[in-house]
Every structure is written in C-alpha cells, then in structure tokens.
Amino acid sequence: MTPSQLSSTPNRLLASLSPADSELLAPHLKPVEFKVRHVFFRPNTPIEVVVFPESGFASVVAITEKGHSLEVGIIGREGVIGVPVIFGQTLTPYDSYAQVAGAGFEIKADILWTAMQQSWPIADVLLKFAYTFLIQVTHSALALSRFSIEQRLARWLLMAQDRVDSDEVPLTHEFLSMMLGTRRASVTDALHLLEQHHTISTKRSCISILDRPGLEEIAGDCYGLSESELARVGLQGKGPA
C-alpha cells in the first residue's frame with residue numbers, strides 16, 4: 001500500500017487522511033480478504049489487528065456468559081473494525097465477525113494506537129467514526145424497544161445496502177434472527193410483509209431490494225440518524241440528511 005493509493009480507497013477513513021498522515025500509516029497497512037463468519041475479535045481476547053474494510057461488513061455482537069447474543073451494530077467501508085482500540089483498549093466483552101464477505105486493509109492495533117498519539121488528525125477522524133458508531137449502537141437499542149420487527153428489518157436492510165452497493169444482500173434467516181433479536185418464524189413473517197409491500201424479494205440466502213424509498217418509508221425514523229451523523233462529521237454517510 002502506497003500513500004497515493006489511500007486517497008482512492010473506498011474506505012472513508014483512510015481516504016480522508018492527508019498525504020502526511022497517509023505516509024504515516026501506509027507502510028503498515030496490509031491487504032486482507034475475509035469470508036462470511038471470519039472472526040475479527042472474540043470476547044475478552046486481545047485485539048491484535050484492526051481492519052479498514054473496502055467492501056463487505058462486520059457485525060458487532062453483544063454476548064452473555066450463557067450464550068445469549070444480539071447484534072448491536074455493523075461496520076463497513078465507513079469505518080474500522082476494532083473500535084475499542086481507538087480508546088486505547090484491546091479487550092472487549094463483544095464479538096465481531098463478517099456478515100458479508102469482503103476485503104480491506106489490516107494494521108496492528110499497537111501501531112495504529114501509536115499513530116494516533118503522533119498525529120491528531122488521525123486520532124480525530126477515528127474518534128469521529130467511534131462517535132457515529134456509538135450513535136448507531138444506541139439507536140439499535142431504541143429500535144429494539146420502540147419499533148416493530150418490520151421496521152427494524154427495513155432499517156437493517158437499508159444499512160446493509162449502504163455498505164454493499166448492490167440490490168442483493170446475501171443473508172440467511174438465522175443471521176437475521178440474531179441481528180433482530182427475535183425468532184426465525186418472526187423474521188419469516190416480517191420478510192413476507194415487506195414482500196407484500198413489493199419492497200423486497202427473497203430467495204435462498206439472499207434478499208433483493210426492489211424499492212429502497214419504500215423500505216425507507218417503512219423504517220421511518222428507525223433509520224437515518226447515525227447515517228446523518230456520519231455526514232455531519234464529514235465522513236460521508238449515505239443515509240438521509
């Protein structure tokens with residue numbers, strides 16, 4: 001990876017760096033590809049590398065000692081997988097793995113932390129992303145308690161499409177059940193409802209988005225806040241302004 005290549009990378013954080021800051025990080029960035037279910041970090045296991053995705057995205061999953069789990073956020077090309085490192089932490093009680101296969105660049109956690117100490121602009125852009133991810137996580141909690149499963153599903157599909165640049169979202173009912181914190185039967189019912197509104201079509205392990213404005217209408221203000229915050233802080237969020 002050369003500094004000049006960073007200016008054209010799809011990853012919004014890396015692309016926003018100045019030439020001098022690109023020079024600081026570029027020698028330490030290594031290309032990486034990841035498949036579905038690739039593990040980025042495990043609960044209470046040291047995070048050794050962080051990943052700046054260019055495509056695909058990861059789930060961040062809250063998990064209890066008894067094995068109960070719930071997706072609390074997703075990270076794609078708008079950010080970096082390994083948010084705890086931004087705060088100087090390499091341990092987290094959460095889990096993270098790829099929901100959609102992709103590629104990007106990895107860097108050792110300690111090297112990124114050192115770069116943040118050396119360059120305020122690098123620290124600034126990472127902290128801005130961490131802030132918007134916090135907004136996403138807290139809005140996920142609000143969505144779980146105040147919005148219907150159909151609205152939450154519409155929100156999630158919109159968020160996924162923002163990160164894959166395709167009308168095709170490769171997902172199973174099992175994944176959606178974990179993401180939405182509900183039974184698979186409820187996921188199936190919600191998918192059928194969205195199909196009845198002609199906003200999506202489904203086939204095995206894949207959902208096709210047919211009508212994005214229609215999905216946005218169903219999601220209502222369940223979707224759009226963290227996306228707008230990305231844009232407000234200068235990270236070019238795709239959601240409604």
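**View 1. Surroundings of Ser177 in a predicted model.** Leaving aside residues up to four places away in sequence, Ser177 touches Thr182, Arg183, Arg184 and Val187, where contact means heavy atoms within 4.5 Å. This is a predicted model, in which local features need pLDDT of at least 70 and side-chain atom pairs count only at pLDDT 80 or more, while totals for chains, interfaces and linings use all residues. Residues are numbered from 1 along each chain as its sequence is written, and side-chain values use heavy atoms, with hydrogens and water left out. Ser177 lies in helix 8 (residues 173-180); helices (H or I, at least four residues) and strands (E, at least two) are DSSP runs, numbered from the N terminus. With a relative accessible area of 13%, Ser177 is buried; the term buried stands for under 20% relative accessible area, exposed for over 50%, and partly exposed for values in between (1.4 Å probe, protein chains only). A polar atom of the Ser177 side chain lies 2.3 Å from the backbone oxygen of Thr182.

**View 2. The salt bridge between Arg77 and Asp165.** The structure holds seven salt bridges, a salt bridge being a side-chain nitrogen of Lys or Arg within 4 Å of a carboxyl oxygen of Asp or Glu. In one of them the side chains of Arg77 and Asp165 meet, at 2.8 Å from N to O. The pair links distant parts of the chain, 88 residues apart, with Arg77 in the loop between strand 5 (69-75) and helix 4 (83-86) and Asp165 in the loop between helix 7 (149-164) and strand 8 (168-169). Arg77 counts as buried at 13% relative accessibility, whereas Asp165 is exposed, with a relative accessible area of 51%.

**View 3. The salt bridge between Glu78 and Arg163.** Here the closest N and O atoms of Glu78 and Arg163 are 3.1 Å apart. Glu78 lies in the loop between strand 5 and helix 4 and Arg163 in helix 7, so the pair ties together parts that are 85 residues apart in sequence. Both Glu78 and Arg163 are buried.

View 4. Asp162, Arg212 and Glu216 are linked in a network of salt bridges. Arg212 and Glu216 both lie in helix 10 (residues 212-219), where they are four residues apart, about one turn of the helix. Arg212 is buried, with a relative accessible area of 18%, while Glu216 counts as partly exposed at 29%.

**View 5. Ile200 and its contacts.** Ile200 is placed in strand 9 (residues 200-203), and at 2% relative accessibility this residue counts as buried. Not counting residues up to four places away in sequence, Ile200 touches Leu157, Leu191, Leu194, Glu195, Ile207, Ser208, Ile209, Leu210 and Leu215. Ala98, by contrast, is 102 residues from Ile200 in sequence and 23 Å away in space, C-alpha to C-alpha.

**View 6. Two buried cysteines.** Cys206 counts as buried at 12% relative accessibility, and Cys222 is buried as well, with a relative accessible area of 0%. The structure holds zero disulfides, a disulfide being a pair of cysteine sulfur atoms within 2.5 Å.

Key. A polar contact is a pair of N or O atoms within 3.5 Å; within protein, one must be able to donate a hydrogen and the other to accept it, and residues adjacent in sequence count only if both atoms are side-chain atoms.
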